[in-house]
Amino acid sequence: MPTAQEIITSALRRINVYAPGEALDSADANDALEILNDLLASRSTDEASIYGSVENVLQFTPGQYQYTVGNYVAGTFNGTLVSGSPTISGVTVPSDITVNGDITAGAGVPAGATVLSWDTGLGTITMSANATSTVAVPQTFTYTIPGDFKIDRPLRIGKSFTRINTSGSALDYPIAVVDQQRYNQIGFKAIQAPWPIMLYYNPTMPLGNLFFYQNPSGGGYLHLFTDTILTGYASLTQNVDLSQGYSRFLKWDLARELAPEYAATWTPQMEKQWKEAYDFVRSLNQDPTPTAQYDADLVHRQQTDAGWILTGGFR
């Protein structure tokens with residue numbers, strides 16, 4: 001997969017700002033890196049640009065029907081480490097720090113470390129893992145605040161279902177994703193049932209909010225499908241895995257974005273090349289032809305079947 005610098009260099013060559021083999025100026029490279037990351041964030045909101053979904057397996061808390069979702073960077077603090085100890089010392093403990101938030105730093109913090117506890121009086125924060133090296137001079141640590149469901153904050157929700165494991169067998173019950181208007185029409189939202197049949201997602205910031213109906217009285221597992229968020233580049237030399245066709249698309253997409261900044265002429269032939277690259281990506285990401293569905297409450301049948309297994313009789 002190409003590095004950010006390779007994508008940027010190719011994009012600038014496409015608009016004739018750089019000649020083949022010409023070294024990339026550092027100021028141009030850093031400016032284009034910022035624009036490339038903005039472009040990737042913007043493309044993440046475009047369903048036609050998203051090449052897959054993520055299945056998040058989460059567990060319901062019995063009796064809870066509203067959940068926050070996300071894991072945002074909340075701030076930084078300074079402190080020191082001793083190798084083999086989970087304690088960060090010399091800390092002015094942030095007022096909003098919370099258990100299970102991620103901790104990262106330049107040195108000494110193992111991958112995946114989270115907040116276990118803290119002591120404001122002693123000025124310490126305890127991590128979930130021991131430090132890998134001693135850091136005697138205070139360094140900067142970054143911490144996150146997770147929601148009830150600690151996953152990337154979804155831009156949108158796809159399909160979802162509840163999996164109930166009983167007596168060694170697993171049954172899946174679909175959950176309909178509805179809009180706010182449909183959810184607001186429910187008069188008593190806290191009614192309890194073994195599993196929910198409906199969800200509404202409000203993509204608030206910095207944490208999104210998931211609302212379920214009915215209130216899950218059991219501890220089943222939620223399988224929540226969310227759109228893949230296109231990963232940005234942390235540096236010019238970083239590689240990011242991209243699906244087939246995306247390297248070409250990003251080079252033309254970035255060229256199109258950079259052309260006005262460099263007062264470059266964007267020709268009809270360039271637009272044709274960009275559109276072809278985008279159309280290939282868009283056709284790859286199109287959903288299959290949808291299957292016609294109906295509301296079972298509107299259809300009455302005399303014969304019996306096994307349709308009850310989808311709802312368990314709970315509606």
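Biologist: What kind of crossing does H2 make as it passes H4?
Modeller: The model is predicted, so local features need pLDDT of at least 70 and side-chain atom pairs pLDDT 80 or more, while totals for chains, interfaces and linings use all residues. Residues are numbered from 1 along each chain, and side-chain values use heavy atoms without hydrogens or water. A crossing is right-handed if the near helix is turned clockwise from the far one by less than a right angle, left-handed if anticlockwise. H2 passes H4 in a crossing that is right-handed.

Biologist: Which residues in H4 does H2 meet?
Modeller: H2 contributes Ala32, Ile35, Leu36, Leu39, Leu40 and Arg43 to this contact (heavy atoms within 4.5 Å). In H4 they meet Phe249, Leu250, Asp253, Leu254, Glu257 and Leu258.

Biologist: How many residues apart are Tyr51 and Tyr246?
Modeller: The ring centres of Tyr51 and Tyr246 lie 5.0 Å apart, with the planes at 75°, so the pair is edge-to-face (centres within 6.5 Å, planes over 60 degrees apart). Tyr51 sits in the loop between H2 and strand E1 (53–59), and Tyr246 in helix H4. The pair thus links distant parts of the chain, and the separation in residues is 195.

Biologist: Is Tyr246 buried or exposed?
Modeller: Tyr51, at 33% relative accessibility, counts as partly exposed (buried is under 20%, exposed over 50%, partly exposed in between). Tyr246 has 1% relative accessibility, and therefore counts as buried.

Biologist: Which residues do ring pairs link into a cluster?
Modeller: Tyr246 also forms an edge-to-face pair with Phe249, at 6.3 Å centre to centre and 80° between the planes. Both lie in helix H4, three residues apart, about one turn of the helix. The cluster linked by ring pairs consists of Tyr51, Tyr246, Phe249, Trp274 and Tyr278.

Conventions:
Helices (H or I, at least four residues) and strands (E, at least two) are DSSP runs, numbered from the N terminus. Rings of Phe, Tyr and Trp (its six-membered ring) pair if their centres lie within 6.5 Å; planes under 30 degrees apart count as stacked, over 60 as edge-to-face and the rest as tilted. Buried means under 20% relative accessible area, exposed over 50%, partly exposed in between (1.4 Å probe, protein chains only).
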